[in-house]
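This report covers strand pairing and nonpolar cores. The sequence and structure come first.

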Amino acid sequence: TTNAPATVTATAGQYYWKVPNLIRDDVKIRVINVNDSSVNNETLGFKIRGKVQVNNPNGSEVYYVYDNPDQAVKYPITWTVTGGLSQVKIEYLQGGVTWTLISTTNVAGSGTYNYQWDIPGALVDICKTVKVRVTDNINSDTTDDSNNNFEIRGRVIVTSPVTTTVWAVGETNRTINWTSVGTIGNVTLQYIKDITWTDITTVGSPDGPNSYLWAAGVANAIS
């Protein structure tokens, strides 16, 4: 298909062309003398591609994993499309060279899109060097990823004591319960009096429910 031509003065130079939304692998440019069409020349075939730009996450963000659906937080992945793309794939990279698929999603040409990502701890590792990439599902050379690394962390959810709990000073049979989400390692348990946090102990905290018996006795934190 030949698109409407531009007519310019026949002098050596250049012409600034606004590239049309014509995503193909066999595009050519032809120059024809308007007074004699037999005087012409054309380029070899070249490609026109759409464009993808990742907007978020783009570096320094902190996202948290979950184990159970009630812990899930959805984090937005946003990107801008220019051109007639119809479907993209969204992937993430963790401190290495292997990209892992998050989702494949439909798009309707130019515009800004988003995907709400909840991060399962069973599938995604805790990592400080994470990037997201969005790629045209037809032409893989149309792609973009986060400019800088962001971070995925585990988290800790304290399940008891709760607001209605009453413990007496010196009691030695009280248990602190919490859930670790993802690979946490060791945690330090603390209590607060006024505005000062005081350490109780440091213990291992494997993924899942954890508990600690405050055998030394509930501290005098009455204020």
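## Open sheet

In what order do the 3 strands of the open sheet lie? The order is S14-S15-S18, with antiparallel pairing. Strands here are DSSP E runs of at least two residues, numbered from the N terminus, as helices are from H or I runs of at least four; two strands pair if DSSP finds at least two bridges between them. At the edges are S14 (155–160) and S18 (208–213), each of which pairs on one side only.

S15 spans residues 175–181 and is joined to S14 by 5 bridges. Within S15, Asn177 stands opposite Ser160.

## Basis of the model

The model is predicted: local features need pLDDT of at least 70, and side-chain atom pairs count only at pLDDT 80 or more, while totals for chains, interfaces and linings use all residues. Residues are numbered from 1 along each chain as its sequence is written, and side-chain values use heavy atoms, leaving out hydrogens and water.

## Pairing around S7

S7 pairs antiparallel with S5 over 5 bridges and with S10, also antiparallel, over 7 bridges. Thr78 of S7 stands opposite Asn56, and its bridge partner in S10 is Asn114.

## Nonpolar cores

A nonpolar core is a set of buried Ala, Val, Leu, Ile, Met, Phe, Trp, Tyr and Cys residues joined through side-chain atoms within 4.5 Å. Buried means under 20% relative accessible area, exposed over 50%, and partly exposed in between (1.4 Å probe, protein chains only). The largest core has 25 residues, and Trp79, Trp117, Ile119 and Ile152 are those with the most contacts inside it. Strands supplying at least two of its residues each include S5 (51–56), S7 (75–82) and S10 (111–117).

A second, separate core has 8 residues, among them Trp178 and Trp214.
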